[in-house]
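Thank you all for coming; I would like to walk you through a few places in one structure, and I will take them one at a time. Please have the picture in view while I talk.

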Amino acid sequence: MKKYIDISSFNLSDSNRGTAALGYGSIPFLESKGYLKNGQQLIMFHRYRKFWKSSNTKVLHEDLRINGKTYKRTIVPIHDIEYRLVQKLGIVLPFTKFGKYVKQVELEAAINGGDGFSDIYGTRIFMNRMNQTWILRRAGVPLMFLPQTIGPFKDNKNYEVAVGLLRSAKEIYVRDDKFTQKLKELGLKYTQTPDLSSFMVPEPWDIEIKPNAIGLNVSGLAYTNTFNGLAGQFNAYPELIERIIDHFRAKGCTVYLIPHSYGYNKPIADDDMLACREAYRRLSDKSNVVLIDRDLISPQIKYLISQMTFFMGARMHANFAAIYTGVPVFGMAYSYKFEGAFNANGLDGKTQTAMINNLKSGEIENYIARIDDFYCSIKHKQ
């Protein structure tokens, strides 16, 4: 048994609480499958260019607290020149920090953002998700894919890159069936499991939830309508959000506006918090609307969503928080991953999701009617 396991894309403080949730869930998942054993630690490799900054060249150690347990992680620097040497030529220098530590790595477990093994967000993001994969693969570290959505691929070159990595993997886990037919055609074995965030335990915090609480995740990706590859497809989204709020308030509900991907002190591109604040600002009547304006970590947001009686979200992992805590949920989808993920978790993707891409103002009434039909069916069962 080697000392370290690398979990690529692992970042508990990621501004996207969905991506952070994957980190929180990845460790108990690996433990449950026997890949992370007692005595093993986590490792990551930090690529840097400015060698004159001493903070870049140090090996760092940190403790991580997940689901009540403490895990140790080591962060090892690798200079950009050495990185390129490994990536391009497969040359590992045995006397460098990278060379010494990489020999002790048993496995790379790739998260890829949960849905980042795809070029739906553009080629640059697809490639950048695999910064660790490129060098660890060349250094002979076995690769496994943690549960995620694979594809779609718009560019054939990206598809070929993806297939090459999938063929090299010792284990492939998927969270839905959207790419499984392709995997079968390629002759690749896979295992379908729930999303990693299902392994993340909710963390209670001090909030009072009113009766008939309706959770609404307002996505900055759709609200700003400028995201690369999807820009211009969500012109009616702000109006849709406002009318959903009015619809549920008319039913006597309290609507909670819940961000899921945001930088609280330093807003990010397509920031959910900014979108929630703007949606709240636009309301002429703010009664029975609660803006969640706090810097919450992923387990705390999962707890908040778990307290809702009904939830709607355009961020996939916001919906997962509802799914894995038993809250009735409707997915405001912008890609095929929504329907596939809902179906994979025993829900009805046709009934419980609807695309918001290119929605017209005149179609909003019918869109809300679809949500209401499902909401009413749930209330009837209760």
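In this model, which is a predicted one, the side chain of glutamine 233 makes a polar contact with the side chain of asparagine 357, at 2.8 Å. Glutamine 233 itself sits in a loop, the one that runs between helix α9, residues 220–224, and helix α10, residues 237–250. If we set aside residues up to four places away in sequence, glutamine 233 touches Asn225, Ile356, Asn357, Asn358 and Leu359.

Let me turn now to helix α14, which covers residues 337–344. Which residues of α14 are buried? They are Lys337, Phe338, Gly340, Ala341 and Phe342, and what covers them includes β12 (310–313), α13 (316–323), β13 (329–333), α15 (349–352) and β14 (353–355). Just after α14 we come to glycine 346, which takes a positive phi of about 80°.

Is aspartate 373 buried or exposed? Its relative accessible area is 56%, and because the cut-off for exposed is over 50%, aspartate 373 counts as exposed. Between the C-alpha atoms of aspartate 373 and glutamine 352, which are 21 residues apart along the chain, the separation is 9.7 Å.

For contrast, consider leucine 166, which belongs to helix α7, residues 156–168. Leucine 166 has a relative accessibility of 0%, and so it counts as buried. Apart from its neighbours within four places in sequence, the residues in contact with leucine 166 are Phe117, Phe145, Ile150, Ile172, Phe179, Leu183 and Leu188. Cysteine 276 lies 110 residues from leucine 166 along the chain, and the C-alpha atoms of the two are separated by 38 Å.

Finally, the sheet, where I would ask you to follow the order of the strands. Eight strands form an open sheet with mixed pairing, and they are ordered β3-β4-β2-β1-β5-β6-β7-β8. The edges are taken by β3 (60–66) and β8 (191–192), each of which has a single partner strand, so one side of each is left without a neighbour in the sheet. Within that order, strand β5, residues 105–110, and strand β6, residues 143–148, run parallel and are joined by three bridges. Which residue in β6 is the bridge partner of glutamate 108? That partner is leucine 143.

Terms used
Residues are numbered from 1 along each chain as its sequence is written. This is a predicted model: local features need pLDDT of at least 70, side-chain atom pairs count only at pLDDT 80 or more; totals for chains, interfaces and linings use all residues. Side-chain values use heavy atoms; hydrogens and water are left out. Buried means under 20% relative accessible area, exposed over 50%, partly exposed in between (1.4 Å probe, protein chains only). Helices (H or I, at least four residues) and strands (E, at least two) are DSSP runs, numbered from the N terminus. Contact means heavy atoms within 4.5 Å. A polar contact is a pair of N or O atoms within 3.5 Å; within protein, one must be able to donate a hydrogen and the other to accept it, and residues adjacent in sequence count only if both atoms are side-chain atoms. Two strands pair if DSSP finds at least two bridges between them.
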